[in-house]
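Work through the exercises below with the sequence and the model side by side. Try each task before reading its solution.

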Amino acid sequence: MSTSRGFYAHPPPTKTVIVFRNGDAFYPGRKFVINQRQSSTFDSFLNTVTRGITAHFGAVRNIYTPNKGHRVANLEQLVHGEIYVAAGAERLKKME
């Protein structure tokens, strides 16, 4: 019996990103794997990052790109292999 694979939707690709703490120049960064099973929504990803980096500012509520400081609003905007900065309610602190 043959099955057709055309009827099944492909799951979104797995992404790996590195996240740093906002304003912490000495934090080495933490790698996070984003897949449908573990982080199905952006809020669940924020909760995972909050537990993973143990930020001094409390819960992670914002993710920024480090170069331009753009705020990431959903999982689709995260790019595999890129670096991001996790922040609470505060704005991104630019570091040299």
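**Exercise 1: a buried charged residue**

Task: Decide whether R21 is buried or exposed, and find its salt-bridge partner.

Solution: R21 has a relative accessible area of 17%, so it counts as buried, where buried means under 20% relative accessible area, exposed over 50%, and partly exposed in between, with a 1.4 Å probe and protein chains only. This is a predicted model, in which local features need pLDDT of at least 70 and side-chain atom pairs count only at pLDDT 80 or more, while totals for chains, interfaces and linings use all residues. Residues are numbered from 1 along each chain as its sequence is written, and side-chain values use heavy atoms, with hydrogens and water left out. Next, look for a partner: the side chain of R21 meets that of D24 in a salt bridge, at 2.9 Å from N to O. A salt bridge here is a side-chain nitrogen of Lys or Arg within 4 Å of a carboxyl oxygen of Asp or Glu, and the structure holds one. Side chains of opposite charge can pair when their charged atoms come close.

**Exercise 2: the order of the elements**

Task: How many helices and strands does the chain have, and in what order do they run?

Solution: The chain has one helix and five strands, and from the N terminus on these run β-β-α-β-β-β. Helices (H or I, at least four residues) and strands (E, at least two) are DSSP runs, numbered from the N terminus. Of the 96 residues in the chain, 30% are buried. Turning to contacts, which are heavy atoms within 4.5 Å, 52% of those between residues at least 6 apart in sequence join residues at least 24 apart.

**Exercise 3: loop residues**

Task: Is S39 buried or exposed, and is T54 buried or exposed?

Solution: S39 sits in the loop between β2 and α1, and its relative accessibility of 3% makes it buried. Among the residues that S39 touches, not counting those up to four places away in sequence, are F45 and L75. T54 is found in the loop between α1 and β3 (62-64) and is exposed, with a relative accessible area of 56%. Most residues other than glycine have a negative phi.

**Exercise 4: the largest pocket**

Task: Which residues lie nearest the centre of the largest pocket, and what classes make up its lining?

Solution: On a 1 Å grid over the protein atoms alone, a pocket is an open set of points where a 1.4 Å probe fits, with protein on both sides within 12 Å along at least five of seven lines, and lining residues have an atom within 4 Å of a point. The largest pocket is lined by 15 residues, and F20, P66, V85, K93 and M95 lie nearest its centre. β1 (15-21) and β5 (83-87) each supply at least two residues of this lining. By class, the lining has eight nonpolar, two polar and five charged residues, where Ala, Val, Leu, Ile, Met, Phe, Trp, Tyr, Cys and Pro count as nonpolar, Asp, Glu, Lys and Arg as charged, and the others, Gly among them, as polar.
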